[in-house]
Amino acid sequence: MKTAFIVLTYNRVDALLEVLRGLAPQCDAHRHEVLIADDGSRPENVQAMRDGLPDFACRVRHVWHPDTGFTIARARNLCAARTDADYLVFMDGDCVPNRGFVAQHEALARPGCFLIGGRVLLEEELTREVLQGHRALQALRAADWMRLRLRGQANKLSHLLHGFGPRARELKRFRWKGIRGCNMAFWRGDYEAVNGFDEAFAGWGHEDADIVLRLHAHGVHRRSALIGTEVFHLWHRQAARQDEAANRRRVIERQASGQVRAERGVRQALDAPEAQVTELNPAWRD
């Protein structure tokens with residue numbers, strides 16, 4: 001199968017480049033593609049991203065749309081509408097993949113299911129060391145991680161269990177707990193069947209729960225990955241959450257209605273004159 005990694009970003013180029021440096025060695029020219037879902041970053045940050053882009057063997061595209069607020073559902077749909085990949089892995093631009101992230105996601109993909117991966121939360125001091133180039137997350141050994149955990153710089157150590165192989169638990173009913181938009185994967189056909197993320201969700205919160213709910217209503221089951229798919233979530237100040245309650249109510253209303261398709265989603269994103277798509281790695285064809 002062909003897999004697209006859709007990486008969300010907004011004006012945090014240092015974190016984004018760390019994520020891309022983690023992805024680059026894991027992607028090959030024929031089976032993978034990377035799309036950067038840019039929710040309106042400023043020109044100087046876009047240029048810094050282009051200047052610092054690591055070497056990829058696969059196609060890499062930057063999909064930018066104007067900054068009209070916190071519109072991550074729109075940014076993700078704009079990318080999903082522009083790839084022909086069979087499998088879509090959605091990531092946040094401050095979540096660095098572990099060394100086996102790509103292979104483990106592909107190993108856990110199952111027809112009739114979507115996947116929610118794990119994350120390891122990093123605290124401020126460790127995040128600063130990573131972004132300043134003093135710590136390479138991919139190079140840390142088990143003993144290093146154990147020391148960091150004891151100092152409270154990482155919230156868990158599940159990524160040290162990769163030797164036991166990937167693990168996932170299937171949930172056939174909707175549950176709020178454990179939904180993480182920073183690390184989710186869908187078969188393209190299922191994503192299109194529910195019309196992707198619902199762009200009615202603006203501001204922080206619950207657009208990820210909404211698509212999970214609609215996929216369950218469509219008959220697609222959730223797999224929660226316990227081991228293997230972790231990303232390292234770099235510390236940041238909490239986003240403004242004034243829209244959280246309204247977004248949560250929208251999900252609850254959707255649950256009562258049983259609605260499956262987003263009214264404005266990936267199908268509508270096909271016709272988006274404001275989207276600017278740039279090839280960042282034209283040498284991938286060579």
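Predicted model: local features only at pLDDT ≥ 70, side-chain atom pairs only at ≥ 80, totals over all residues.
L171 belongs to strand β8, residues 167-171, and β8 runs antiparallel to β10, the two being joined over 5 bridges. A further partner of β10 is β6, residues 113-116, where the sense is parallel and the bridges number 4; here I116 is the residue that stands opposite S224 in β10. As for β10 itself, which spans residues 221-227, the strand is mostly covered, with 5 of its 7 residues buried.

Let me turn to the second largest pocket, with a volume of about 230 Å³. Its lining counts 14 residues, and those nearest the centre are R169, G178, R180, S224 and L226. Both β8 and β10 supply at least two residues of that lining, and the largest share, 4 residues, comes from β10. By class, the lining holds 6 charged, 4 polar and 4 nonpolar residues.

The largest pocket, finally, has a volume of about 1,200 Å³. It is lined by 37 residues, of which D92, D94, W204, H233 and H236 are the closest to its centre. Which elements each supply at least two residues of this lining? They are β1 (3-9), α3 (72-80), β7 (119-121) and α8 (207-217), and α8 gives the most, with 3 residues. The lining of this largest pocket divides into 14 nonpolar, 13 charged and 10 polar residues.

Terms used. Residues numbered from 1 in each chain as written. Heavy atoms only, no water. Buried < 20%, exposed > 50% of the residue type's maximum accessible area, 1.4 Å probe, protein only. Pairing = 2+ DSSP bridges. 1 Å grid on protein atoms, 1.4 Å probe; cavity = no way out; pocket = protein on both sides within 12 Å on 5 of 7 lines; lining within 4 Å. Points joined across faces, edges and corners; volume = space filled by probe spheres on them. Nonpolar A, V, L, I, M, F, W, Y, C, P; charged D, E, K, R; others polar.
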